[in-house]
Structure formats: C-alpha cells, structure tokens
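Subject: Structure for you to look at

Hello,

I am handing over the structure below. My notes on what was found follow it.

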Amino acid sequence: MAKTAVVTGGSGFLGSHLSDRLLAEGWRVIAVDNLITGNLANIEHLKKEPRFEFIQQDVTHFINIPGEVGIVFHFASPASPIDYLELPIQTLKVGSLGTHCALGLAKAKQAAFLLASTSECYGDPLVHPQTEEYWGNVNPIGPRGVYDEAKRFAEAMTMAYHRTHKVDTKIVRIFNTYGPRMRLKDGRVVPAFVGQALKGEPLTVFGDGSQTRSFCFCSDLIDGIYRLSQSDFHEPVNIGNPNELTIKEFAERIARITDSKSKIVFQPLPVDDPKQRRPDISRARKILGWEPKVDLETGLRQTIDWFKTRI
C-alpha cells in the first residue's frame with residue numbers, strides 16, 4: 001500500500017499543488033480543510049483519484065485519521081493580508097491550536113511533520129537578504145502580528161516537539177509564491193495586479209513602489225518543499241526565488257505581459273508592510289540541492305492565462 005500523507009489546508013492554493021505532487025510521487029493523500037479560505041474547486045480534478053481523500057474539518061480540534069500515516073504537512077492557515085486581517089482570531093488559533101493538533105497526530109502516528117511557515121517571520125527585515133539565522137523584526141501587536149506571531153509560535157512548538165518528543169520535524173519558510181489556483185481577490189500583489197490589468201483598471205501600488213519582493217512559481221516551491229520533506233534536516237529552510245524587483249517594476253511588467261493600458265496609481269503604504277523581502281537560499285541549495293527553475297516571465301504567463309479563465 002502507498003504511504004499516507006496528511007495535508008492540512010489541502011484545498012488551498014499551495015495545499016492542492018502539494019497534494020498533486022505527493023500523488024505523483026506515489027503517496028496516498030488525505031486533505032483536511034475547513035474551507036474557510038480553501039476552495040473545493042482546487043481539488044475537483046482529484047475527486048476520482050482512489051488515493052485521494054478529503055475531510056472537511058477545523059484542524060484546531062482533535063484530528064482523527066485511521067491507519068498508518070507517514071507524514072503530516074501542516075499548511076492550514078489564512079495566508080493573505082485580506083484573510084488574516086478579517087480572520088485574526090482564526091489565524092492565531094490555527095497557528096497555535098492547529099499546529100498542536102497536527103503535531104499531536106504526527107506524534108501519535110510516529111510520522112514525520114512539515115510546517116509551512118513563512119518569510120513573514122522576518123517581519124520588516126533589517127537584514128537583507130534574509131537568512132534563516134535572522135530572528136526578524138516583527139511588531140507583535142500590529143495588525144499583521146496575528147499572522148507573523150502565529151507562524152513564529154508554530155515554529156517554536158514544532159521545535160519543542162522535535163526536542164522533547166523526538167518527532168521528525170521540518171520547517172519551510174515560504175517566500176512570495178504565485179501560480180494557478182490563487183484566489184483573484186485574496187489581496188496579494190500577483191492576483192491584485194493581474195486582475196486589475198485584465199479588467200483595464202488602474203494598478204494599485206502602495207507607497208512609492210520602491211519596496212521589493214521576489215516571486216517564486218508554485219511548482220518550484222512545491223519541489224523544494226517535497227525535497228525538504230524527504231530530508232533529515234530539522235531547522236528552518238527558506239524556499240523562494242532570490243531574484244528581486246520593486247513593486248513598481250512588477251506592476252509595469254504585469255501591464256506589459258497582459259498588454260494592458262492600465263495606469264499605476266499610488267496609495268498609502270499599509271501598517272508594518274515590509275520594505276524588502278528576498279530569501280537567501282544558500283541552505284536550500286546546500287541541503288536540498290534545490291533552486292528555482294521557472295523564470296518570472298514564464299510563470300507569470302501561465303498564471304495570467306489561468307486568471308483569464310476566471311475573470
């Protein structure tokens with residue numbers, strides 16, 4: 001029988017792509033999601049797959065999975081600013097209680113555990129690019145703190161289970177990722193710009209557009225995560241694309257690729273919005289032999305084509 005992987009948040013953007021990869025690698029996959037931000041359409045193509053099962057459940061409650069489990073991937077969490085600003089308590093609960101329940105499942109099943117953490121652990125960084133040794137610059141009581149601190153707590157609990165209960169844990173710090181199955185109105189910059197460009201609306205840039213981001217295509221990210229899941233490395237690993245550009249440059253590129261006549265408009269920068277974000281992926285290169293392969297132009301064209309079917 002195929003080994004079983006449990007994916008919390010399995011109907012989300014990244015959880016659904018991870019499920020696809022696990023199935024391709026021969027795993028049986030059980031996706032667990034309460035659909036608060038997930039979407040069944042993301043896993044519709046898996047309905048007839050005999051090695052895939054979906055359970056609708058809030059993972060902040062006890063998770064009961066019959067039989068053997070080889071690994072638990074904890075991906076459940078609101079992940080976009082719109083979501084975690086609208087759902088602050090749920091975000092904190094899934095990072096704390098949800099992580100506790102997912103780790104409890106891994107411990108009970110003697111399974112490995114992989115936490116989907118985030119570059120938001122670095123906050124508005126004072127170190128650039130960000131290495132895994134950097135402790136971050138986070139405002140714990142700001143509006144973004146509900147997400148940042150939920151993930152930082154989740155990392156602390158994951159390492160506590162590793163040290164205390166000897167659970168085989170891994171932690172991935174995910175940087176900006178994009179691709180098909182993103183929600184058009186999830187508030188993140190890729191769907192926001194693409195949606196505005198395709199509709200001929202002005203592209204909304206916050207601040208003066210000089211803040212930087214780096215964008216990793218979803219297939220590259222999932223490849224790094226899968227490699228990490230098969231490793232014996234327990235400390236956090238950055239997975240992202242180190243190619244950096246300003247938000248204004250990114251808006252201009254989206255307008256060009258979509259052949260849009262949309263103008264750029266500027267609005268005030270949100271509270272605690274990071275001014276720089278770029279991963280140092282030296283650890284991923286060394287430990288996992290991983291680096292991104294999909295260039296931004298190629299990934300954006302695939303993503304834009306997908307969004308065109310959703311406008």
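Strand β1 pairs with strand β2 (residues 28–33) through five bridges, and the two run parallel. Strands count as paired if DSSP finds at least two bridges between them; strands are DSSP runs of E with at least two residues, helices runs of H or I with at least four, numbered from the N terminus. In this pairing T4 stands opposite R28 of β2.

This is a predicted model, in which local features need pLDDT of at least 70 and side-chain atom pairs count only at pLDDT 80 or more, while totals for chains, interfaces and linings use all residues. Residues are numbered from 1 along each chain as its sequence is written, and side-chain values use heavy atoms, with hydrogens and water left out.

β1 is also joined to strand β4 (residues 71–74), by four bridges and again in parallel, with V7 opposite F73.

Five of the five residues of β1 (residues 4–8) are buried, so the strand is largely enclosed by the rest of the structure. Buried means under 20% relative accessible area, exposed over 50%, partly exposed in between (1.4 Å probe, protein chains only). T4, V6 and T8 lie on one side of β1, A5 and V7 on the other.

On the cysteines: the count of disulfides (pairs of cysteine sulfur atoms within 2.5 Å) is zero. The sulfur of C216 has its closest cysteine sulfur in C218, 8.6 Å away, which is too far for a bond. C216 is buried at 0% relative accessibility, and C218 is buried at 3%.

Regards
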